[in-house]
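Dear colleague,

I am handing over the structure below, together with an account of what was found in it. Please keep it open beside this message as you read.

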Amino acid sequence: MTDSIIIKSPGRINLIGEHLDYNGGYVFPGAINHNIILKFTKTQNNQCTIISEGFGSFSFNIQKPIKISSNHWENYILGVIHGIHKIRPDKLKGFNCEITSSLPEGAGIASSAALECGVAEGLNQLFNLNFSDHDLIDISVKAEHNFVKNNCGIMDQFSIIKGKAQKLILLNCATLKFEFFQFEFDDYSIILLNSNVKHNLSESEYNLRRKECEQALEIIQKHHSGYNYLVDVPENIIDELKDDLTDKLYKRAVFVSQENARVLKSVTHLKKREIVKFGELMYESHDGLSKKYEVSSSELDFLVELTKDLPYVVGSRMMGGGFGGSTINIVEKKFINEFLSLAYEKYKSKFNHNLVSLEVEISDGVGSANVI
Ligand code: GLA
């Protein structure tokens, strides 16, 4: 039996299909080659100490009830432990965990989900808990809902648990049916531009968007009872009910319906290797996220806008929950350096902030690591 284990838990990108997971739609994510590393060691008693390079440390007794902490970051870990206790009572014993990370926090690449999934998988392996992928996803999502109080969808945790090298995941969030999609962009790379700005409204506005979508669906269901998810409602029905919805709810619903259609069109284009047409859908997605769903920021809008004059960038849009974080860009490989220096310079002179770039590869999901 192992007494110590090292886990790597990656971030994720999402090619297209934003804010659709909690609306029963399609998303198109993949795990990436930037990770949180967690080193777990069993202790001989019930005491647990968690040490994070970036956030500090805390301790608790594994036999005592796990409660929400006033230190926000601790809840990602405590929430997972609470969830495990619920379905495998008495299986967890004392352990220590050291955490280091190369995943920037607040960059829209799911560092929170990476932490949750890393803790869930680490404890799964350390204490032989025999969890299925589905259990691990569920425990991690519930930790975020119940302890972090962020009503996220399933996309981040799903892609971190299920991710595979070179494969994007086309996931139907209503049925959880998914297929792997070979990532072959040949001469193009995925470049993330991290605006390095996270607006503090992000969590409350995220939960609010989810609520607005529920409200819109409820109103629509009063007229058409057959729709289970907002993504199922065609645009002409939303238009028909425009007067019953507030202006805000109307815009949210139209975005959701159009964004889901964009994911499906993207698949068709990518299968035919029509990368430029796919890029156009990324710009449309950004426009909807910015104007109809209202989750972008002036920094993200600026970063997307500046790519429109660059022939070597085929598509760009904000990625993840929004209100700061990163844009995802599909850039011709031989122009990456040119692109980065131009973006750094323009961003710095406009906002006086430094841009951080990340070139990503689609990589394996959470699992054992050999090195720290
Ligand atoms: C965050 C959430 C996800 C998803 C995205 C937006 O990353 O955790 O569930 O809703 O935002 O697509």
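How many disulfides does the structure hold? The structure, which is a predicted model, holds zero disulfides. The sulfur of Cys117 has its closest cysteine sulfur in Cys152, and at 9.7 Å that is too far for a bond. Cys213 is likewise in no disulfide, since the nearest cysteine sulfur, that of Cys173, is 13 Å away.

Turning to the overall layout, the domain assignment of the protein gives domain 1, made of residues 4-183 + 364-371, and domain 2, made of residues 188-360. The C-alpha centres of domain 1 and domain 2 lie 25 Å apart, and the contact takes 37 residues from domain 1 and 43 residues from domain 2. Between domain 1 and domain 2 an area of about 3200 Å² is buried, and carbon and sulfur atoms give 65% of that area. Which three residues supply more than any others of the area that domain 1 buries against domain 2? They are Ile16, Glu18 and His19, which supply 20% of that area.

Next comes helix H1, which covers residues 74-87. At 1.5 Å a residue, the 14 residues of H1 should span 20 Å, and the end C-alpha atoms are 21 Å apart, which agrees with that expectation. The helix is mostly covered, in that ten of the 14 residues of H1 are buried; among them are Tyr76, Ile77, Leu78, Val80, Ile81 and Ile84, along with Glu74 and Asn75. What covers the buried residues of H1 includes strand S4 (47-52), strand S5 (56-61) and strand S6 (95-101), and also helix H2 (111-126), helix H3 (133-148) and helix H5 (202-223).

Strand S11 deserves a look of its own. Is strand S11, at residues 324-332, enclosed or open? Nine of the nine residues of S11 are buried, so this strand is largely enclosed by the rest of the structure. Strand S9, at residues 188-198, pairs with S11 in the antiparallel sense over eight bridges, and there Asn194 stands opposite Ser326 of S11. Strand S10, at residues 313-318, also runs antiparallel to S11, to which five bridges join it, and Met318 stands opposite Thr327 in S11. The hairpin of S10 and S11 has five residues between the strands, and in this hairpin Gly320 takes a positive phi near 90°.

Finally, there is an open sheet formed by three strands in the order S2-S7-S8, with antiparallel pairing. Strand S2 (26-27) and strand S8 (178-182) stand at the edges and have a single partner strand each, so one side of each is left without a neighbour in the sheet. Strand S7, at residues 167-172, pairs with S8 in the antiparallel sense over five bridges, and the bridge partner of Ile169 in S8 is Phe180.

With kind regards

Definitions and conventions:
Residues are numbered from 1 along each chain as its sequence is written. This is a predicted model: local features need pLDDT of at least 70, side-chain atom pairs count only at pLDDT 80 or more; totals for chains, interfaces and linings use all residues. Side-chain values use heavy atoms; hydrogens and water are left out. Helices (H or I, at least four residues) and strands (E, at least two) are DSSP runs, numbered from the N terminus. The expected span of a helix is 1.5 Å times one less than its number of residues. Buried means under 20% relative accessible area, exposed over 50%, partly exposed in between (1.4 Å probe, protein chains only). Contact means heavy atoms within 4.5 Å. Two strands pair if DSSP finds at least two bridges between them. A disulfide is a pair of cysteine sulfur atoms within 2.5 Å. Domain bounds come from an automatic or database domain assignment. Buried area is the accessible area (1.4 Å probe) that two parts lose on being put together, summed over both.
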